[in-house]
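User: I would like to learn how to read charges and salt bridges in a protein model. Please show me the case first.

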Amino acid sequence: MSEFLAIQHVSVIVADTKRALLFYRDVLGLAVDPQRPDLGYPGAWLAVGAQQIHLLELPNPDPVTSRPAHGGRDRHCALTLRDLDALRRRLDAAGMPYTLSKSGRRALFCRDPDNNALEFIEVPT
C-alpha cells in the first residue's frame with residue numbers, strides 16, 4: 001500500500017480566470033505561481049503553503065446553482081490560516097458572504113465567484 005504524504009493541489013473550475021483572481025489573489029491574498037506551463041486553456045496556480053489551488057478555466061460539468069447555502073454541506077476545499085478575523089474583514093470589505101462553521105470551531109465557509117465552496121479554519125499560533 002502507498003504511503004500518502006500530502007495533498008499537492010486542489011483544482012477548481014472557473015468561468016473567467018481574471019475574475020477568479022480578483023477573489024483568490026486580491027481578496028484572499030494568495031500568490032500566483034508563475035511556473036504554470038501553457039496547458040492549452042486559461043488558468044492559474046496559486047500557492048497555499050507547500051500546496052496549491054489550480055484554477056481551471058474550462059467548461060463546468062457541475063451545476064453552479066441550487067448549491068447548499070452553507071458550504072459545509074457541499075464539496076469544498078479546506079484551508080488553514082492563522083487569523084480568521086483578518087479574513088472576515090477582507091471578505092466583508094469585498095462584499096463576499098460567508099457562514100460560520102456549525103461545529104463551533106473557529107472556521108468559516110464562503111464561495112468563490114463561480115460558486116465553489118471553501119472552508120477556512122483558524123489554527124492556534
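User: How far apart are the mean positions of the positive and negative charges of the protein?

Analyst: Lys and Arg count as positive and Asp and Glu as negative, while His and the chain ends are not counted. The place of a charge is NZ of Lys, CZ of Arg, CG of Asp or CD of Glu. Here the mean positions of the 15 positive and 15 negative charges are 5 Å apart. This is a predicted model, where local features need pLDDT of at least 70 and side-chain atom pairs count only at pLDDT 80 or more, while totals for chains, interfaces and linings use all residues. Residues are numbered from 1 along each chain as its sequence is written, and side-chain values use heavy atoms, leaving out hydrogens and water.

User: How many salt bridges does the count come to?

Analyst: Side chains of opposite charge can pair when their charged atoms come close. The rule asks for a side-chain nitrogen of Lys or Arg within 4 Å of a carboxyl oxygen of Asp or Glu. The count comes to 8 salt bridges. In one of them, the closest N and O atoms of Arg 25 and Asp 26 are 2.7 Å apart.

User: Which residue forms a salt bridge with Arg 75?

Analyst: Asp 62 does, with the closest N and O atoms 3.5 Å apart. Arg 75 is exposed at 52% relative accessible area, and Asp 62 is partly exposed at 36% (buried is under 20%, exposed over 50%, partly exposed in between, with a 1.4 Å probe and protein chains only).

User: Which residues are linked in a network of salt bridges?

Analyst: Arg 67, Asp 74 and Arg 111 are linked in this way.
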